[in-house]
Amino acid sequence: MRRLLALTLLAGMIAPAGAATISNPIASFSGLDKITGRITNFDVYMDETVQFGALQITPRVCYTRPPTETQRTSVFLEVDQVSLKGGTERIFTGWMFAESPALNPIDHPVYDIWLVDCKQTSDIPPPPNSSASSGEPPSAEPSSEAPVTDGAVLNNDSTTTQAAAPTN
């Protein structure tokens, strides 16, 4: 009987932490180009792929907790590297945590990216074919309407710019 009571109390303490997770439609990242020293902040909708330099970033889920609880912001994402020949190679699939940017397991010689926050809204409109705007999952086919072209970075105003060479 004591054992059952102890298990019930333990389950009651554990359950509220799992029930408080909030799923968000937007992940907010920062990216560093180690060559130019330029830091770019960008928002990405779930299941949307954006390109930062030679990296293609696709967040799948982004979780936060209510403001009344200890903040834990995490994103599950996939990162692909685009080669000069046009092919892609998956360099990371896994979780990233905003509270621990040093645990960033993406090891790239030119680019660093890290999670800043998960959000419900953004100044950036959702892509026309995203589930956030149409209620349908995005197509798995490559689109000619890619949010960013190869070698470009995404700015907060949803425009693209070519990375400029540093001036001396």
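The legends below describe several close-up views of one predicted protein model.

Residues are numbered from 1 along each chain as its sequence is written, and side-chain values use heavy atoms, with hydrogens and water left out. Because the model is predicted, local features need a pLDDT of at least 70 and side-chain atom pairs count only at pLDDT 80 or more, whereas totals for chains, interfaces and linings use all residues.

**View 1. Overview of the protein chain and its confidence.** The protein chain holds 2 helices and 10 strands, where helices (H or I, at least four residues) and strands (E, at least two) are DSSP runs numbered from the N terminus. Read from the N terminus, the elements follow the order α-β-β-β-β-β-β-β-β-α-β-β. Of the 168 residues, 32% count as buried, a term that stands for under 20% relative accessible area, with exposed meaning over 50% and partly exposed in between (1.4 Å probe, protein chains only). The average pLDDT, which is the predictor's confidence in each residue on a scale from 0 to 100, is 74 for the protein chain, and 65% of the residues score at least 70. Over residues 4-17 the pLDDT is below 50, and this stretch has 1 contact in the model beyond near neighbours in sequence, a contact being heavy atoms within 4.5 Å. The pLDDT also stays under 50 over residues 132-168, for which the model has 67 contacts beyond four places in sequence.

**View 2. The stacked rings of phenylalanine 42 and phenylalanine 52.** Rings of Phe, Tyr and Trp (its six-membered ring) pair if their centres lie within 6.5 Å, and planes under 30 degrees apart count as stacked, over 60 as edge-to-face and the rest as tilted. By this rule the model has 5 aromatic pairs. In one of them, the ring centres of phenylalanine 42 and phenylalanine 52 are 5.7 Å apart and the planes stand at 20 degrees, so this pair is stacked. Phenylalanine 42 belongs to strand β3 (residues 38-45) and phenylalanine 52 to strand β4 (residues 50-52), so that the pair links parts of the chain 10 residues apart. Phenylalanine 42 counts as buried at 2% relative accessibility, and phenylalanine 52 counts as buried at 2% as well. One aromatic cluster is formed by Phe29, Phe42, Phe52 and Tyr111.

**View 3. The open sheet containing strand β3.** Three strands make up this open sheet of 3 strands in the order β3-β2-β8, with antiparallel pairing; two strands pair if DSSP finds at least two bridges between them. Strands β3 and β8 (111-119) are the edge strands, each pairing on one side only. Strand β2 (residues 26-33) is joined to β3 by 8 bridges, and the two run antiparallel. Within β3, asparagine 41 is the bridge partner of serine 30.

**View 4. Polar contacts of glutamine 51.** Glutamine 51 lies in strand β4 and counts as buried at 7% relative accessibility. A polar atom of its side chain lies 3.0 Å from the backbone oxygen of glycine 53. The side chain of glutamine 51 also makes a polar contact with the side chain of glutamine 56 (3.4 Å); such a contact is a pair of N or O atoms within 3.5 Å, of which, within protein, one must be able to donate a hydrogen and the other to accept it, and residues adjacent in sequence count only if both atoms are side-chain atoms.

**View 5. Surroundings of serine 74.** Serine 74, in strand β6 (residues 74-82), counts as buried at 12% relative accessibility. Not counting residues up to four places away in sequence, serine 74 touches Val61, Cys62, Tyr63, Trp95, Met96, Phe97, Leu115 and Cys118. The C-alpha atoms of serine 74 and cysteine 118 are separated by 7.7 Å, although the two residues are 44 residues apart along the chain.
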